[in-house]
Amino acid sequence: MTATAEQTGPDPATAFTELYGGEPHGVWAAPGRVNLIGEYTDFNDGFVLPLALPHTARAAVSPRTDGVLRLHSSDVPGGTVSLRVDALAPRSGHGWAAYPAGVVWALREAGHPVTGADIALTSTVPTGAGLSSSAALETVTALALNDLFQLGLTGPELAVIGRRAENAFVGVPCGIMDQMASACCTEGHALHLDTRDLTLRQVPFDLAAQGLTLLAVDTRVKHALGDGAYAERRAGCEEGARLLGIPTLRDLPYEDLGAALTTLADAGADESVIRYVRHVVGDNRRVEQVIALLDAGDARGAGPVLDEGHRSLRDDLRVSCPELDLAVAAARGAGALGARMTGGGFGGSAVVLAEAAGADAVAEAVTKAFAGAGHAAPGIFTAVPSAGARRLR
Ligand code: ADP
Ligand code: MG
């Protein structure tokens, strides 16, 4: 296991000077995240409970006044991308650079005078692992520009900009969780976010004090069916709400779930819609259950709720995959307190709650199970609840 309390990576200021000359005006960081519980709830106006990772995207940035936007990532080949801010257009390509360029576009669309920038990026957030490397990139860009152009935007407002960049400019129909987590999480806490109105609460999540460790297991697989399946789940949830005559599934209290499922069956709803509704309403409740446990100082008690969440994602929403199921089963078999896939599924990562004293054995068991099944070795690290986006210097 690569247990990493902090993940710094190379200094983007060094790359900045080599690429653009001179010193950057500043350096910013924004983290990736794992979601503890509350999956596929954010596009249903529901609850989520993510925490920031020690892994961050970092940006060394200087403003420009001539309309030029230069973007470079030390993590991808291909050199510097040079664009004009007044020519940025949604869904016009640009590969990875669409994420930071989309942020500039979204800020300008919202009326903020961003007149160009030189940006050097580097990230330690694993890419495409369901740990929100894309939101980290968006959030670090948004925060840097917010400071440099003195836009005065709050964390939630920056998250909205990042989401708009990803939805409208890049063209990925994600919810608001990832950007909110990257922008607003704080060290030692999980973020209870109500995605309906973006109200939030920092929930103390001091794992070490309770003798616990949270592991993230990157399965290193990403199954291609993910994108279409996400849209299908989303449409199914909207259909469920429509048939129930409510604005969103958030508006269905858990106590009314049984009756609602009968109503859906009577209305001739597709059986998949019934499963999706059961998952979303159940996961909203599981968020509240885990928060109550954390508030009571009983993080250990969250284990079975994580297990239940995984079963729901696997059997009702059907967004898991063999590698995620294996990670969860192997972790539980080695004594973990609870485990579930996290993020969009079809690959990506699982989150595992374990006794601190048993965490290495759990990690070893998962690695061994992957080898036994002929899968590539998973990436396993401790998910220490870390700080959200901030200026470093
Ligand atoms: P996730 O957010 O779960 O990691 P996504 O598919 O949403 O997965 O985002 C991954 C994409 O974000 C990458 O394909 C790339 O375009 C972009 N990206 C993430 N990190 C970097 C980086 N360090 N440098 C360049 N592009 C990055
Ligand atoms: Mg992403």
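**Close-up 1. Helices α7 and α8 run roughly antiparallel to each other in this predicted model.** Here we look at α7 (residues 257–266) beside α8 (residues 271–295), with axes that come within 10 Å. The two axes cross at roughly 165 degrees, and angles over 145 count as roughly antiparallel, so that is the label α7 and α8 receive. The crossing of α7 past α8 is right-handed. On the α7 side, the contact is built from Leu257, Leu261, Leu264 and Ala265, while α8 brings Ile274, Val277, Arg278 and Val281. Sorted by class, this contact has seven nonpolar residues, one charged residue and no polar ones.

**Close-up 2. Helix α3 meets helix α5 at an angle of roughly 55 degrees.** The axes of α3 (residues 133–148) and α5 (residues 177–184) come within 9 Å. As α3 passes α5, the crossing is right-handed. By class, three residues here are nonpolar, three are polar and two are charged.

**Close-up 3. Ligand 1 sits among 16 residues.** Those that come nearest are Ser73, Asp75, Gly128, Ser133 and Ser134. Take a look at Ser73: an N or O atom in its side chain is 2.6 Å from a nitrogen atom of ligand 1. For Ser134, a side-chain N or O atom is 3.0 Å from an oxygen atom of the ligand. Ser132 takes part through its backbone, where a polar atom is 3.5 Å from an oxygen atom of ligand 1.

Methods:
Residues numbered from 1 in each chain as written. Chains lettered and ligands numbered in written order. Predicted model: local features only at pLDDT ≥ 70, side-chain atom pairs only at ≥ 80, totals over all residues. Heavy atoms only, no water. Axes fitted to C-alpha atoms, helices over the stretch in contact; angles between N-to-C directions. Helix = DSSP H or I, 4+ residues; strand = E, 2+ residues; numbered from the N terminus. Left-handed = near helix turned anticlockwise from the far one by under 90°. Nonpolar A, V, L, I, M, F, W, Y, C, P; charged D, E, K, R; others polar. Near = heavy atom within 4 Å. Polar contact = N/O pair within 3.5 Å; in protein donor to acceptor, adjacent residues only side chain to side chain. Parallel < 35°, antiparallel > 145°, perpendicular 65-115°, else oblique. Contact = heavy atoms within 4.5 Å.
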